[in-house]
Amino acid sequence: MSWRWPVAIVLLCCGAGLELVAVAGLCAMRDVYDRLHYVGLAGFGALLVAVAIVVRESFSLIGDKALLVGVILVAAGPVLVQSTTRSLLIREHGDWRKRLDDAEETPRA
Amino acid sequence: MNAWEIAAAALGFALIACALVAVLAGPAHGLAAVEVGSVLLTTILMLLSQGFHRQPFIDLAVVFAVMGTIGSLTFARMMERQL
């Protein structure tokens, strides 16, 4: 039995587990900004699943593209979170800088 | 069922939870749920491609990863004022 199969299973379990944790966090949190944290975590779970496929199939047709998908999702995670947070701040306050300005004007204790 | 298909099924059930949050919570919460759900669905497509030994189907996951990201960015942009 090759070493590839057990390593791929461990990576698969870790990746799927991370995504399940991300969904559990999404359901458990009550604030939308708390919920947005789990977008990035789910991306890393997808990357682990992609690495599991690469370990199992080596750098083949499916291995290369799975790795590409994982890298896309990990790179897109922070972009999505930042742009969504910016949009939600504009939706709530009219300008995304407003809360930052308020925080600067407030004297620190 | 092999391990890839079992993982895809487990993530499929998790996708239902994301759909429930998107339907039952407000629009902003729904956008966060859609973003997590698109990552989940991309992973499910990868897992099914590997589990069914249909390697060309991984292209669906590649396309959905890009389109899901663009769609989420579009919704986030529209959410600023119009939705």
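A residue counts as buried if 20 or more other C-beta atoms lie within 10 Å of its own, as exposed if 12 or fewer do, and as partly exposed in between. The model shown here is predicted. By that count, 40% of the 109 residues in chain A are buried.

Chain A has five helices and zero strands. Contacts within the chain can be sorted by how far apart the partners are in sequence. Of the contacts in chain A between residues at least 6 apart, 60% join residues at least 24 apart.

Helix α3(A) is mostly covered, with 16 of its 21 residues buried. Its length can be checked against an expectation. After α3(A) comes Ser58(A), which has a positive phi, near 60 degrees.

Ala8(A) is part of helix α1 of chain A. Is Ala8(A) buried or exposed? There are 22 other C-beta atoms within 10 Å of Ala8(A), so this residue is buried. Leaving aside residues up to four places away in sequence, Ala8(A) touches Ala52(A), Val55(A) and Arg56(A). Val51(A) is 43 residues from Ala8(A) along the chain, yet the C-alpha atoms of the two are separated by 7.8 Å.

Next comes the contact between the two chains. How many residues does each chain bring to the contact? Chain A provides 37 residues and chain B provides 38 residues. On the side of chain A that touches chain B, the elements giving two or more residues are α1 (4-28), α2 (32-35), α3 (37-57) and α4 (61-93) of chain A. Of these, α4(A) gives the most, with 16 residues. By class, this side of chain A consists of 28 nonpolar, five polar and four charged residues.

One pair of helices across the two chains shows part of the packing. The axes of α1(A) and α2(B) are 11 Å apart, and the helices pack at an angle of about 160 degrees. Angles over 145 degrees count as roughly antiparallel, so α1(A) is roughly antiparallel to α2(B). The crossing of α1(A) past α2(B) is left-handed. Which residues meet here? From α1(A) there are Glu19(A), Ala22(A), Val23(A) and Leu26(A), and from α2(B) there are Ala32(B), Ala33(B), Val36(B), Leu40(B) and Thr43(B). The contact of α1(A) with α2(B) comprises seven nonpolar residues, one polar and one charged.

Helix α2(B) also packs within its own chain. In chain B, the axes of helix α1 (residues 3-24) and helix α2 (residues 27-51) come within 9 Å and cross at roughly 165 degrees. The two helices α1(B) and α2(B) are therefore roughly antiparallel to each other. Their crossing is left-handed. The contact of α1(B) with α2(B) has 18 nonpolar residues, seven polar and one charged.

Note on methods:
Residues numbered from 1 in each chain as written. Chains lettered and ligands numbered in written order. Predicted model: local features only at pLDDT ≥ 70, side-chain atom pairs only at ≥ 80, totals over all residues. Axes fitted to C-alpha atoms, helices over the stretch in contact; angles between N-to-C directions. Helix = DSSP H or I, 4+ residues; strand = E, 2+ residues; numbered from the N terminus. Parallel < 35°, antiparallel > 145°, perpendicular 65-115°, else oblique. Left-handed = near helix turned anticlockwise from the far one by under 90°. Nonpolar A, V, L, I, M, F, W, Y, C, P; charged D, E, K, R; others polar. Contact = placed C-beta atoms within 7 Å.
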